[in-house]
Amino acid sequence: MKIRKLLLFLLCVLIGLLITIQSRVITGSFLYVSPKTLQDYKISIDNQEKENDSIRTSIQDKEEQLKKYMESPEKSEEIVKSAEKELAELKMISGVTDVYGDGIIIVLDDGTRELYPGEDPLDIIVHDVDILKIINELRIAGAEAISINGQRVINTTEINCSGHSIRINNQFFAQPFFIKAIGNPNMMEAAIMSPGGYGELLLTYGLIVNVDKVIHLKINKHEESIEFKYVKAAAREGELR
Amino acid sequence: MLIVFVGLVVGVIAGLFLPNFYPAQYSFYISIAILGSLDSIFGAVRANMEQKFKTAIFVSGFLANTLMAAGLAFIGDKMGIPLYYASIFVFGGRIFENLATIRRLLLKKYFNI
């Protein structure tokens, strides 16, 4: 009789304890997490870890580079050489140097067909949006350098409608537009002119779109001045003040 | 009957003041285990009213139910099958079954229906 009461008491204590703690632990609703969700999370975590790894290796590389610089002050020639190499790379990235390579030239011009009765003539002229979309398609297809009517497209390049002309790098251009792009010519041509491509869409509207593949295309450097009013370089990479 | 309430009150008070002694990721298994133990309790109350209550059966059933419910949920999670449904259906169904019997017994006892 006594054992029975004791056991009952203990089990009741256990239940009260579990229910209370459980209600304390669970805040909000408890969701059943399916294996697919877990898998998705696993994939994203794995990707994050890979990214961390690559960042770690790049940190190591930089540290080794720094060590090299610190250890050999007398080998200034080597430092100058590597700095020059880096400068050339950076110039290539920023677009302040002329570049060569295989690529394509796209000619964009206003349509010459007759308008349907009541049709808006804006339908068959080249808009800034058209050029923007084509440039985006080119970049998707792997274009490495782009210029429009000789204006190099860099990170600050604006493409803006200004009446019947278009403003690019603070210069005004009217039709026709010559877009030069260096990259894989076949890929870029396919990206523009294949069914569903933006160039093909413009053709169906009645604009003139012409793509030529060119070997050894030259793209001019960016020549307008860039003034930074708000941006300041951080003292060190990744440092914020 | 008094000892049950005293035990519950002690358990609730202890639960309010004790720190968590299991990680939050196991709380799902604990809730299934609570369901299993509730089934045992209702079974015990019913057996008590039918005067068939045996401590050994109650205690062993309580532990077995609890462990099996939590274990099934755990194994199901590992295999990717929601096996805890089995516990929910069986224990949930039995709780209501026992409740119905208890209700009938009470009605018979006090109102002779």
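Visitor: Which residues touch the most other members of the largest nonpolar core?
Guide: In this predicted model, the largest nonpolar core has 29 residues, and A:Ile106, A:Leu108, A:Ile131, A:Ile134, A:Leu138, A:Ile148 and A:Ile179 touch the most other members.

Visitor: Which element gives the largest share of this core?
Guide: That is α4(A), with 4 residues. Other elements that give two or more residues include β1, β7 and β8 of chain A.

Visitor: And what does A:Ile134 touch?
Guide: Leaving aside residues up to four places away in sequence, A:Ile134 touches A:Ile106, A:Leu108, A:Ile179, A:Ile192, A:Tyr198 and A:Leu202.

Visitor: Which residues does the second core include?
Guide: The second core is separate and has 10 residues, among them A:Ile15, B:Ile41, B:Ala47 and B:Phe58.

Visitor: Turning to the sheets, in what order do the 5 strands of the open sheet run?
Guide: The order is β3-β2-β7-β1-β8 in chain A, with antiparallel pairing. At the edges are β3 (151-152) and β8 (208-219) of chain A, each pairing on one side only.

Visitor: Over how many bridges do β1 and β8(A) pair?
Guide: Strand β1 of chain A, residues 99-109, pairs with β8(A) over 10 bridges. A:Leu108 stands opposite A:Val209 in β8(A).

Visitor: What about the open sheet of 3 strands?
Guide: Its order is β4-β5-β6 in chain A, and the pairing is antiparallel. Both β4 (159-162) and β6 (171-173) of chain A have a single partner strand, so one side of each lacks a neighbour in the sheet.

Visitor: Which strands of that sheet does α4(A) touch?
Guide: The helix α4(A) packs on the sheet and touches β4 and β5 of chain A, its direction making about 165° with that of β4(A).

Methods: Residues are numbered from 1 along each chain as its sequence is written. Chains are lettered from A and ligands numbered from 1 in the order in which they are written. This is a predicted model: local features need pLDDT of at least 70, side-chain atom pairs count only at pLDDT 80 or more; totals for chains, interfaces and linings use all residues. Side-chain values use heavy atoms; hydrogens and water are left out. Two strands pair if DSSP finds at least two bridges between them. A nonpolar core is a set of buried Ala, Val, Leu, Ile, Met, Phe, Trp, Tyr and Cys residues joined through side-chain atoms within 4.5 Å. Buried means under 20% relative accessible area, exposed over 50%, partly exposed in between (1.4 Å probe, protein chains only). Contact means heavy atoms within 4.5 Å. Axes are lines fitted to C-alpha atoms, for helices over the stretch in contact, and angles run from 0 to 180 degrees between N-to-C directions.
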